[in-house]
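This report goes through selected local features of one protein chain. The sequence and the structure come first, followed by notes arranged by topic.

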Amino acid sequence: YEVAIALDPSLSYALSNLGVTQLTRGRPEQALEYAYHAAQTSPNSSDTWMNLGTVYRRLERLEDAMDAYGKAYELAPQSAMVCTLIGQLWQDVHDIQQAMLWFDKALELEPDRPDAQCSLANVVLERGDTQTAINLYLDIQKKYPEHCPAYIGLSNAYWDDGNAEEAVSTAYQAVDLKPEDASVKVHLARILASAGDVSTANTINREALSLQPKCIPALVNLALNLRGKLPEEDAKFMEQLLASDRTRRGHQIALHFGLAHYYDGCQRYAEAATQCAQGNAQYIQHQQNRGWDYDADKDAERYAQFIDQIMAHFSPDFFDRTRDMGSPSAAPVFVVGMPRSGTTLTEQILASHPLVFGAGERPFAARGFHSLPRLMEQPSASVWDVFDGLKRIHIQHIANWHLACLGELIEKAGGTADHYQFIIDKMPSNYHLLGWLVTLFPNAKIIHCRRDVRDVAVSCWMTQFKLMHWAFDLEYIAERIKQYQRIMDYWRQTLPVPILEIDYSDTVADQTAQTERLLNFVGLDWDDSCLQFYKTERLVKTASVTQVRQPIYKRSLNRWQHYEAALQPLLARLGQG
């Protein structure tokens, strides 16, 4: 292309495609120069406007991108590619309805278009219908075995579904298809690190940097994995990239979080707090610019109302009425608590026992609960509208489905249900659904993991969660903590089964004693492997995997004290300021 442009500087086809080529090389600024020149040289070419829109989108100039795509659509309204790109942009700004309309239009024009099919699957996954998304990706794979985005999407879907093994395997397949693409390697590295193979993840991040030296996601991955052990030259390079006016907002946010973990690991807490505060503030603003209707106070009020409804409906009278309506199975063990409270550690200790299967974080409780209106043939009603009509047949139907889902996980892991006596179903946020879980499984064991909520707050605040929007705002975190404390106080008084409460600080102080408590409560004999939980060969889906792969350490206790000044908004709302 450069040779062609040297011969004819106005050759728009070469200019436009050189722009796209620069984009794939990680050089969006140079890409914009060529793509813009191409669009000005050939204003009646839909392809040049389409390529310019793609460059603008990569630079996060979304309004300019929509204008460019709009011009491309005016010139080629029957282009399925243009319709697909417009739909992807609507998805970027969180207008899922518009995105679906454009993807449907693209597929009407060209039913076999793989990028449109994959984009539609991405929307389905974003809406939370994981199994449907998996089926869609698998169908795309079958028809277009070399379409790499389908492998990336399928890997993400498997991950969201809690199937870490398939997520990793599919990510490796994507790399085999596109070994020269740094972003595909970064995806694999992220999945590997989240699943616990941090060493291999770091190697692959370095491979991505060898392909693209300014690959910010790879640098951030290394900072999150290595923390204070990140080479100083990498940290300085991250600071340089953060200071550059060419670094787009999404990458700036990631750099802030990466540097926060690096400084925290170096015990430079004031600098870590500054990076974390800036990253969270920029994230909120960035999402608002993309259409996120964010109002912390309103969201907190809605969650408080949800807790009100739970307390009103799961009353002592309700438990008396539904007593013994659920499954008699004693296999499920539910581990709950605030995020970063030690739920993963607790699961890993128990799952190291040969008679226990660790199922990881599973959405089955919430899915079952919110399926009640459809099950009771009132799909347009709310859960609370149909709740009083709940009968044995409904409870047993969902309990059996829940057990079947857990059984499928054992089979996928190569085991058999009759080998395990207990199955750990760990979803921290299930603390607000304990009444529902006890209704389904009156013989199940409930384990509540507790940790100083100030340490929980710091850990959440410093983690860039994908879906936990409340974790980006200290005052919002405080409100979530207050509702968590309120519902747990209610369950202690009302739940018709015992709850084992495990304190993180007690586990750190005496792991053996707390492990004995866990095993005795569940009903298991002692096994030494539970003390060496960090050696267990199982993939773990959690934000704290690098800690799960180590023996218990004490540096996380009272961590909040290093950030006391930054935490004042939270402490004030909790009445501890």
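## Basis and surface patch

The model is predicted. L11 sits in the loop that runs between α1 (2-7) and α2 (12-24). Its relative accessible area is 34%, so L11 is classed as partly exposed, the limits for that class being 20% and 50%. Together with Y1 and Y13, L11 makes up a nonpolar patch on the surface. The accessible area of Y1, L11 and Y13 together is about 330 Å².

## Helix pairs

Two helix pairs are described here. Helix α10 covers residues 148-160 and helix α11 covers residues 164-177. Their axes come within 8 Å and cross at roughly 165 degrees. An angle over 145 degrees counts as roughly antiparallel, and α10 and α11 are therefore roughly antiparallel to each other. The crossing of α10 and α11 is left-handed.

Helix α14 (residues 216-226) and helix α16 (residues 249-265) also have axes that come within 8 Å, with a crossing angle of roughly 20 degrees. This makes α14 roughly parallel to α16, since angles under 35 degrees fall in that class. The crossing of α14 and α16 is left-handed.

## Salt bridges

Side chains of opposite charge can pair when their charged atoms come close. A search of the whole structure gives 25 salt bridges; a few are taken up below.

Within helix α15 (residues 232-243), the side chains of K236 and E232 form a salt bridge with an N to O distance of 3.6 Å. K236 and E232 are 4 residues apart in the helix, which means that about one helical turn separates them. K236 is partly exposed, because its relative accessible area is 45%.

E361 and K426 are joined by a salt bridge between their side chains, at 3.0 Å from N to O. This pair links distant parts of the chain, 65 residues apart: E361 is in the loop between β2 (356-358) and α21 (364-370), and K426 is in strand β3 (residues 422-426). Both E361 and K426 are buried.

## A salt-bridge network

The side chains of E479 and R573 meet in a salt bridge with an N to O distance of 3.1 Å. Here too distant parts of the chain are linked, with E479 in helix α27 (residues 474-494) and R573 in helix α31 (residues 568-573), 94 residues apart. The relative accessible area of E479 is 17%, so E479 is buried. R573 has a relative accessible area of 29% and is therefore partly exposed. E479 and R573 belong to one network, in which salt bridges with shared partners also join D297, E475 and K482.

## Positive phi angles

Which backbone angle of R340 is positive, although R340 is not a glycine? The angle is phi, at about 65 degrees. R340 is located in the loop between β1 (332-337) and α20 (343-351). With 15% relative accessibility, R340 counts as buried, because the limit for that class is under 20%.

E377 is another residue other than glycine with a positive phi, near 60 degrees. The loop between α22 (372-375) and α23 (383-386) holds E377. At 71% relative accessibility, E377 counts as exposed. Thus R340 is a buried loop residue, whereas E377 is an exposed loop residue.

Is A471 buried or exposed? A471 has 0% relative accessibility and so counts as buried. A471 lies in the loop between α26 (453-461) and α27. Along the chain, A471 and D527 are 56 residues apart, and their C-alpha atoms are separated by 37 Å.

C530 is in the loop between α29 (511-522) and α30 (545-548). The relative accessible area of C530 is 0%, so this residue is buried.

Key:
Residues are numbered from 1 along each chain as its sequence is written. This is a predicted model: local features need pLDDT of at least 70, side-chain atom pairs count only at pLDDT 80 or more; totals for chains, interfaces and linings use all residues. Side-chain values use heavy atoms; hydrogens and water are left out. Patches are made of residues with over 30% relative accessible area and no salt bridge: like charges are joined within 9 Å, nonpolar side chains (Val, Leu, Ile, Met, Phe, Trp, Tyr) within 5 Å. Accessible areas come from the Shrake-Rupley method with a 1.4 Å probe; for residues, only the protein chains shown count as cover. A salt bridge is a side-chain nitrogen of Lys or Arg within 4 Å of a carboxyl oxygen of Asp or Glu. Buried means under 20% relative accessible area, exposed over 50%, partly exposed in between (1.4 Å probe, protein chains only). Axes are lines fitted to C-alpha atoms, for helices over the stretch in contact, and angles run from 0 to 180 degrees between N-to-C directions. Angles under 35 degrees count as roughly parallel, over 145 as roughly antiparallel, 65 to 115 as roughly perpendicular and the rest as oblique. A crossing is left-handed if the near helix is turned anticlockwise from the far one by less than a right angle, and right-handed if clockwise.
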